[in-house]
Amino acid sequence: FFQTSAALTRPRQRRFQPCSRRMQVSDDGPQKGPEEPFGEPPVVAGVLANLRLASEAALPPLRALLCDTDLLPQQALGQLDFIETALNTILVNLQDPDGFARFRRLRLVAVRRRIQNKPEHAEALLKCAGFALVADAAAGGEPEHLEWGPANATALAPALAVLVLIARVKARAKAAGNRALAEPVDATVSVQDLAALEYDCHTLVESSDNTEAPSGGVMGCPQKVSAVKGALIPRAWLEARLPQVALALEEMKKFFKIGIREKTVVRELCRVLNAGRDDKLSNSPTLERAAQLMASMILVSMRKPEMCAQPTTPAEEALRESVELDSEGGALAGGRDDSSHRSNDALGRTTTPQTRRRQSGIEVLESSALPLLLGCIPAVKLGLQPRAVMEIVYLREFPAFFTSGIQEKQFQVSIGALKQRLADVFREKLGQGAEVRAIGIGCAIDIGRDDKAIVYVVAL
């Protein structure tokens, strides 16, 4: 009895301290908390450091919104939904000048009409996401609008950081209920967090018509009622920069559909690549759509060689040829070394002006199309460097995969051998010690003409 009483009166010792104690946030901004026995989290550099600073700046207004006792949890989540939709609409229209100019400005009157209870919380979060008050000269200098921009990394980092925080809060509310909203929010933003963002548009390439497009997310697919209108890659933008790809999307739609065999390859390959890893690879929906688009494009280019012969418009091709010739002449004049003109192509290979001029076929399509398509993804536009690898599988190598039914034993044995071979190839191409955090896998199969499958991986 006395031992138990002594134990009850003795001060309780904490076995651990939550991560939220590392950084104490007040209304004046982030302040350094007490030193932890296990040390501070590792210092990140470059893009992730800017995102961490932006998320720390957004934590005080986010905390004020979630802890406001005058608001119901549903009202707080409603404000977060409004902010998320506003940011996603802007990011989806980055490649559309007219759409960007239209959606980057929010009228204060409209915001306060949409959010009637405590709209100052939403306005503070919008300012942390890259919006700024703009005065109207006709209204006597009073602020009339919230304007986002410019469309570069300066405004992208706060917007993406706020989207990551909102996604984190909504996921917690869905998993643990609305009472979990009052718990601390981690300010760390990782590559996996950026790769998980879908921007609520559920499509990569805008469809050319209003009819239902093929499922799988390559072209415009059926969207939710609350989904953002538009696509990361507008049809007009694609026709202006990659006209051959836009034409193939219309003429050969069946090769851009995703069947059960393709889905099986993607699922099993992702499972094998994650096997034995302590930090699991994040399967990014946006990168998966980009990889699927590239796999389908390469498959179609084998049927239509003109896609590789003329990857861009003639004017752009002439300009590229002129720039490469000038670069080559300046580097080789007088026998100088051309090491300063070496660069990496879309697949990470080291190239020189001479080798770039000799590229043909699939390499030309990849080097011209992949940077343009991935550049439409806000996380890549922010500064993250993606890598891409490809492998071609032929019927003679795995005949049962192409010919057997998906429920047959031969197919299961064939897919088991295929996924192991692809995993070994991609690990070798990406590098065993490479810092890969998120991947997107695409697969396109052509049964009927030189039966083959294109498997494409985009990694961050």
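Rings of Phe, Tyr and Trp (its six-membered ring) pair if their centres lie within 6.5 Å; planes under 30 degrees apart count as stacked, over 60 as edge-to-face and the rest as tilted. The model is predicted, so local features need pLDDT of at least 70 and side-chain atom pairs count only at pLDDT 80 or more, while totals for chains, interfaces and linings use all residues. Residues are numbered from 1 along each chain as its sequence is written, and side-chain values use heavy atoms, with hydrogens and water left out.

**Exercise 1.** Find how many aromatic pairs the rule gives.

Solution. The count is 3 aromatic pairs.

**Exercise 2.** Classify the pair of F100 and W148.

Solution. Start with the geometry: the ring centres are 6.0 Å apart and the planes stand at 80 degrees, so this pair is edge-to-face. Next, place the residues: F100 belongs to helix α4 (residues 97-103) and W148 to strand β5 (residues 143-148), so the pair ties together parts 48 residues apart in sequence. Helices (H or I, at least four residues) and strands (E, at least two) are DSSP runs, numbered from the N terminus.

**Exercise 3.** Classify the pair of F401 and F402.

Solution. Their ring centres lie 5.1 Å apart with planes at 80 degrees, so the pair is edge-to-face.
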